[in-house]
Structures are given as C-alpha cells and as structure tokens.
Amino acid sequence: MADDLELRFERTVQADARIEPRDWMPDGYRKTLIRQIAQHAHSEIIGMQPEGNWISRAPSLRRKAILLAKVQDEAGHGLYLYSATETLGADREDLTLKLIEGRQKYSSIFNYPTLTFADVGVIGWLVDGAAICNQVPLCRTSYGPYARAMIRICKEESFHQRQGYELLMTMMRGTQQQRDMVQDSVNRWWWPALMMFGPPDSESTNTEQSMAWRIKRDTNDELRQKFVNMSVPQAEALGVTFPDPELRWNEERGQYDFGQPDWDEFWQVVKGGGVCNAQRIAHRRKAHEDGAWVREAAAAHAQKQAQKQAVKEGAA
Amino acid sequence: MSFDNAYESLLGHEDSHWAFGTGFSEALSGVNREFPVGVDREDIVAYCLMLGDDALIFSQRLSEWCSRAPELEEDIALANIALDLLGQARMLLTRAGEVLGKSEDDLAYLRDERDFRNVHLAEIDCGPGPGGDFGTTIARLLVFSSWRLALFSRLRGSADPVLAAVAEKGLKELAYHRDHAAQWTVRLGDGTDESHRRMQAGLERVWPFVDELFATHAVEARLTGVAVDPASLKSEVDGVLEAVLAAGGLSRPADTRAARVAGMAGRDGVHTEAMGFLLAEMQHLHRSLPGAVW
C-alpha cells in the first residue's frame, strides 16, 4: 500500500506533474518543503526592513510611492508563502516564532545595511534579480501551491527589478555625486548578491535530494553563472563596474569567468554575525510582540460575535 | 535587446504595469484644468496645500507602520491607505504647483515648516513611536477618514474642476479607509479589557485635535462654491463617530480642544513640535543633493 503511494508520488514527480495538498507525499518531502517555503516567506518579511528603511526619506514623491508599493508587495508575498505552508499543515504563528527565536533562517542578504538611496535601486536590480534567477525555476517546482505562488511572485519581482534598474538609470543621468553613490552601492552589493545562490555545489548539502524531488531544478553554481552572464551587459548599459578583477568574457566557454565571493564572510553572516542580523530579528520580534494584544482582541471579538450568532440561531 | 534574462518572458514587453499602483497623472487625464473665473488663484493654491498637506503628512505617518504592524494583513492595509493618501497629495500639490510654477516635489521637499498647511491631527505621533500604539493610530484614522470622506463628498460639487475630480476619485478610497478604521475600532473596543482600554486611550489622545478639523479658515470662507466649509461637516461626522463608538462600547471623550498659538494653528502654518522632526526626516535627502534627479 505504502509502496503504491510512494510509486505514484515518484511517477508524478518524474512526469513533471504537480503534487497537490491532498496527495500522499513522503514526510521528508513535506518537511523539506515547509522549511524551504517558510524560509522564503521569512525572507520576504525580513526583506521589508532594509528597503522600508528609506520610505520616510525617499527623495521624490514618485519614488516614495514606488517604494511603499514595493514593500507592500513583499508583505503580500510573505502572506502567499505562509499560506502555501499552511496547505502542508504548518501554522503561521508557529513559523513566526521559529523565525524570531532564530530556529529558522531567512535570506542572509537582508543582514546587510541599506546606507544610501542608491541601495534601493541596487537591491531592485541585483538582489531582486538574483532572487528571480533562483525563483523562476521554482515556478515549475513539483508542489502545486508553491509553484503557483511563485508564478505570481516572479511577475511582481520582475516589476521591482525593472523599477530598481530604472531608478539607477535615472541617477546615472543625474549629478556626479549621484553616479558615485550608485557605484559605491554596486561595490557593496555585488558580492553579497552572488552569495544569494548559496555555497558552491561542492559544499552544498541540500542540493541532491531536492533536485531528485524536483523542488530544486538547477544547482547553485549554474544559477550563479546565469546571473553573472545576465548582469554584466546590464552594468555596461548602466555605466558601472563590478568589483571583481577576475571578471572577463571567456570565448571558449561562451560565458563570463568570475571570482569567488568571500565565503568566510558568507558563513559569518549566515551564522548571525552580519551587521544587521540582531537588528532585523529584534525589529520583527518587537512588531510581533507589540501586536499581540491586537491579535488577541481580534480573536476575542470574533469569538463573541460567533457566540451571539449561535444564541440568535438557537432562539430562532 | 541586450537584456537576455530568465524573467523577460514573464513580463511581456508592454509597459502598462510600469510603477504599478503608483501612477497618478493618468488618474486625472481628460479633466479640464482651467481655473474657475472670479476666484483668487492664491486662495485656490492655499486650499490645495491645506488638503494636500493633510494627505501628505498623514501618509508619512502611516507609512511608519510598514513592517511594524500587528499582522501582515495590516502591514498591507496601512501601506495601502498611505499610498492612497500619497496619491491624493500628489494631485493636490501638482494643482497648487500649476499656479506657482513649481513641481509636486518642490512643494513637498523645499517648503519650510511654516509653509505647511496641514491640521495638527495629521502630524502628531500616534505610534508606532512613543506617541501611541495601534489603537491610537486607528483612532486617528477613524476621525481623519470620517471627516475627509464627508468633506470630499461635498467637494465633488466644487466649481474647480480639478478639485471636483480629485474628490470624486478619492471618495471610494476614503470610504474604504473609514470602513477599515471603524471595523478595528469596534473590534478593539469589544475585544479584550486591554484592547478596550487602549482604544479608549487612543481616542482620548487624538480628541483634542478634532476641533481644528471643523474650524473655518479665511481661505475657505472666501472660496465660496470652490471650497467646502468644514464647519458644515460637524454634525454628519459627529453622527458617524458616535455610531462607531457605540458599536464598540466606547465612550466619546470630553470635548477638550488643544489651544491655538496666538490664535493660530496648522492651517496658518503653526505646528506642533513633532512637525520639525517629521519634515527633517522626509526632506533631508532631497535637500542634501541639490540638482539631483530622481
């Protein structure tokens, strides 16, 4: 019986068809998905902070509106993704606790600080760009609700990426001070953006099983290469350079060669030692704890309403 | 096209979704922008700044909640309301700028505090800072949106075609804002002892600033047929607030009102101490890089 179910699951995955919430699935698959989708949801929610940092100071009303709408979209993405985990039996409150207690991770990129308004543009261009490279393959991932959420998220992320790039284009046409600001921001974000694809394949522990289950569809190094190939011409069009002396076109491979990020820094930030790790979690924890009385009130009110309704129906 | 990338195919190539949700110029396309005859344009400018600054400054305050709300749904809702108000502010500042030969950004970023015309209710700290909490924020939103909705429903008949169009467009937004605030007021008033206490405290915090909303300014008095006399809104707004407070088991605070300063208040450009800090934060980057383009 169990073998039949497992066989059917394997066949569905191999045929590139979707696993849906009521279908049988191996425990490991369910756990891996909950972990991966929750980490993705947490990344969206924590990711509201570095850009949210500039909403109050946005230098034009149009940019303020774009930024506010973008950060609002990130909250929306977090919401779809937490909902996707709920189809696997997870609970949003429980996942939020795991985040603020440091038991689940989020994308380490958000532990870097946003120091100038150019960072808003560079995050859109490079960070959202890298996220999209990671996420587009997930639109074909084997778990249906995740795949469908990712299609919507990727579309919105693509708008964000273009908006970020358009901001940088505008700044590059501005004053020398603005051009310097953009280059400085690119220098600070380029390596962390490359780190977003995860450690080199030779050191990645989760890749093999996830590839077999078609949760993941490309390796870290493949995606990183694709991102570099895409980004170099964009940087040239913009008029900025990447801070990598080894970056050059390799005619033989038909791809760009590039240097390795500082993996010691990567692991240091992943393990909590980044400039903003403690701050990001403290911010999220404070919002969650400060809001507890509001959530309790909403639940209490809903319960009272339900009781009133029951009494009314009983009397009728 | 040099942008050979993995997500291009998701987007298609049309630009209609560019800056989705943030456009405003199309919103009023086709509206007659001539000024009504026999009306002092300086007064129309002052009036646009009053209503525009109310929206701009309150939007700035509401956006402080972004990533700090009690629930993700509320992060989204408050950001949405802030965006609506920012949109209203942009249309109104743009209208004022047509007379002054200035852009919306000139008016938002390069005016000094004494030239802002918003009411005090829009600018005070109602949280998430030390000045309040979610209950205080909802109390302000309830009062502000009930008042502005009543105002905009009359402003639809303005002799100024742009003001009439701004009001028409804003009406649906404000109805949603008021509904959102009313629902939370009832939920918090009825929910738990703590939420009831906090909601009541929020109302007490904002109540001294309610009176200013209904005080007729000389500009409004002169703009007959163009502006709405806020004094005429009082009984309608009172009725709305009373109904909402009653549904939440809350009591209407005593009618205390913040004293004016030598007879002046927000509409005269005389603000609270909070305003300087709000503007310092909002304006600093724009002012730091003169000549920059954004």
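Predicted model: local features only at pLDDT ≥ 70, side-chain atom pairs only at ≥ 80, totals over all residues.
Let me start with the interface. On each side, how many residues are in contact? It is 64 residues of chain A with 64 residues of chain B. The area buried between the two chains is about 5700 Å². Carbon and sulfur atoms give 69% of that. Three residues stand out on the chain A side: A:L61, A:R162 and A:W293. Together they supply 15% of the area that chain A buries against chain B, more than any other three residues.

One pairs the side chains of A:K304 and B:D190, at 3.9 Å from N to O.

Which helices of chain A supply at least two residues each to the side that touches chain B? They are α3, α4, α6, α7, α8, α10, α12 and α13. The largest share comes from α4(A), with 15 residues. By type, that side of chain A divides into 32 nonpolar, 19 polar and 13 charged residues.

Next, helix α13 of chain A, residues 292-315. At 1.5 Å a residue, its 24 residues should span 34 Å. The end C-alpha atoms are 35 Å apart, so the two agree. Six residues in α13(A) are buried: A:W293, A:V294, A:R295, A:A297, A:A300 and A:H301. What covers the buried residues of α13(A)? The cover includes α5 and α12 of chain A. It also includes α6, α7 and α8 of chain B.

On to the backbone. The peptide bond from B:G127 to B:P128 is cis, with omega near 15 degrees. B:P128 lies in the loop between α5 and α6 of chain B. Two residues other than glycine have positive phi. A:D16 has phi near 60 degrees and is found in the loop between α1 and α2 of chain A. B:S67 has phi of about 80 degrees and is found in the loop between α2 and α3 of chain B. Buried or partly exposed? A:D16 has 40% relative accessibility, so it counts as partly exposed. B:S67 has 7%, so it counts as buried.

Another serine in chain B is B:S59, in helix α2. B:S59 is buried, with a relative accessible area of 3%. Leaving out residues up to four places away in sequence, B:S59 touches B:A82, B:L85 and B:L86.

Last, salt bridges over all chains. The structure holds 36. A:R148 and A:E20 form one of them, at 2.9 Å from N to O. That pair links distant parts of the chain, 128 residues apart. A:R148 is in helix α7 of chain A, and A:E20 is in the loop between α1 and α2. Both count as partly exposed: A:R148 at 46%, A:E20 at 25%.

Others stay within one helix. A:D94 and A:K98 form a salt bridge at 3.2 Å. Both lie in helix α5 of chain A, four residues apart, about one turn. A:R285 and A:E289 meet at 3.3 Å. Because they are four residues apart in α12(A), about one helical turn separates them. In chain B, salt bridges that share partners join B:K234, B:D238, B:E242, B:R252 and B:D255 into one network.

Notes. Residues numbered from 1 in each chain as written. Chains lettered and ligands numbered in written order. Heavy atoms only, no water. Contact = heavy atoms within 4.5 Å. Buried area = accessible area lost by both parts, 1.4 Å probe. Salt bridge = Lys/Arg side-chain N within 4 Å of Asp/Glu carboxyl O. Nonpolar A, V, L, I, M, F, W, Y, C, P; charged D, E, K, R; others polar. Buried < 20%, exposed > 50% of the residue type's maximum accessible area, 1.4 Å probe, protein only. Expected span 1.5 Å × (residues − 1).
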